[in-house]
Amino acid sequence: MSPVLFHSYIDDLNVCLNNSKIGCIMNVVISNHIMYADDTCIIAPSPTALHTLLGMCFNFAYSNFVKFNESKTECLCFKPKKVYVSGMMLNNEPLPFVSSNKYIGMIVHDKLDDEEDIM
C-alpha cells in the first residue's frame with residue numbers, strides 16, 4: 001500500500017471514530033483514540049463502548065480492504081479490582097488482556113503507576 005493511500009485510510013478512520021461521539025470526556029472533548037504512524041490505540045470508558053469502537057474499526061477495515069493485525073493487538077483495562085472484562089474481538093479473533101503494554105515508547109500499566117516505565 002502506498003504511503004499516500006495509507007494516510008488517506010488513517011484520516012478516514014480518524015474521522016469515523018471522532019464522529020461516533022463515543023469515548024472518554026477530557027475537558028469537554030470526547031477522546032476515543034490515539035494514532036501514531038500505523039499504530040492505533042482505542043480508548044473507551046466501558047466494555048460496551050470498547051466493543052462498539054472495535055466493531056467500527058472492523059467494519060471500516062472490511063469496507064476499505066484494510067486488515068488490523070489482531071496478533072499484535074492487546075487490551076489493557078483500567079478498572080476496579082472486582083470488575084471482570086473479557087470477550088473483546090477484532091477480525092473475529094479474541095483479543096488477549098494484558099496488565100501492561102509499551103505504546104510509543106512508554107509503558108502503561110493497569111495499576112496506574114509508572115514504576116515499570118521508570119525501571
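A polar contact is a pair of N or O atoms within 3.5 Å, of which, within protein, one must be able to donate a hydrogen and the other to accept it. The legends below use the term in that sense and refer to a predicted model.

**Figure 1. The side chain of His33 and its polar partners.** His33 belongs to strand E3. With a relative accessible area of 13%, His33 is buried, because the cut-off for that class is under 20%. Its side chain and that of Asn14 are joined by a polar contact of 2.5 Å. A polar contact of 2.5 Å also links the side chains of His33 and Asn32. When neighbours within four places in sequence are set aside, the residues in contact with His33 are Asn14, Leu17, Asn18, Cys41, Ile42 and Ile43.

Figure 2. Asn32 sits in the loop between strand E2 (29-31) and E3. The relative accessibility of Asn32 is 3%, so this residue counts as buried. A polar atom of the Asn32 side chain lies 2.8 Å from the backbone oxygen of Leu17. The side chain of Asn32 also makes the polar contact of 2.5 Å with the side chain of His33. Not counting residues up to four places away in sequence, Asn32 touches Leu17, Asn18, Ser20, Ile22, Gly23, Cys41, Ile42, Ile43 and Leu53.

**Figure 3. A nonpolar surface patch that includes Ile34.** Ile34, Tyr36 and Ile104 make up a nonpolar patch on the surface. Together the three residues have about 300 Å² of accessible area. Ile34 is part of strand E3, which spans residues 33-36. Its relative accessibility is 38%, so Ile34 counts as partly exposed.

Figure 4. A disulfide is a covalent bond between the sulfur atoms of two cysteines. The count of disulfides in this model is 0, where the rule asks for a pair of cysteine sulfur atoms within 2.5 Å. For Cys16, the closest cysteine sulfur is that of Cys57, and because the two sulfurs are 7.6 Å apart, they are too far for a bond. Cys16 is partly exposed, with a relative accessible area of 26%. Cys41 also counts as partly exposed, at 25% relative accessibility.

**Figure 5. Asp12 in helix H1 and its distance to Asn64.** Asp12 is located in helix H1, which covers residues 3-19. At 39% relative accessibility, Asp12 counts as partly exposed. Asp12 and Asn64 are 52 residues apart along the chain, and their C-alpha atoms are separated by 9.9 Å.

**Figure 6. The whole chain, for orientation.** The chain has 3 helices and 10 strands. Read from the N terminus, its elements follow the order α-β-β-β-β-α-β-β-β-β-β-β-α. The chain consists of 119 residues, of which 25% count as buried. Of the contacts between residues at least 6 apart in sequence, 39% join residues at least 24 apart. The accessible surface comes to about 8,500 Å², and 58% of this surface belongs to carbon and sulfur atoms.

Notes: Residues numbered from 1 in each chain as written. Predicted model: local features only at pLDDT ≥ 70, side-chain atom pairs only at ≥ 80, totals over all residues. Heavy atoms only, no water. Patch = residues over 30% accessible without salt bridge, like charges linked within 9 Å, V, L, I, M, F, W, Y side chains within 5 Å. Areas by Shrake-Rupley, 256 points an atom, 1.4 Å probe, with all protein chains shown as cover. Salt bridge = Lys/Arg side-chain N within 4 Å of Asp/Glu carboxyl O. Helix = DSSP H or I, 4+ residues; strand = E, 2+ residues; numbered from the N terminus. Buried < 20%, exposed > 50% of the residue type's maximum accessible area, 1.4 Å probe, protein only. Contact = heavy atoms within 4.5 Å.
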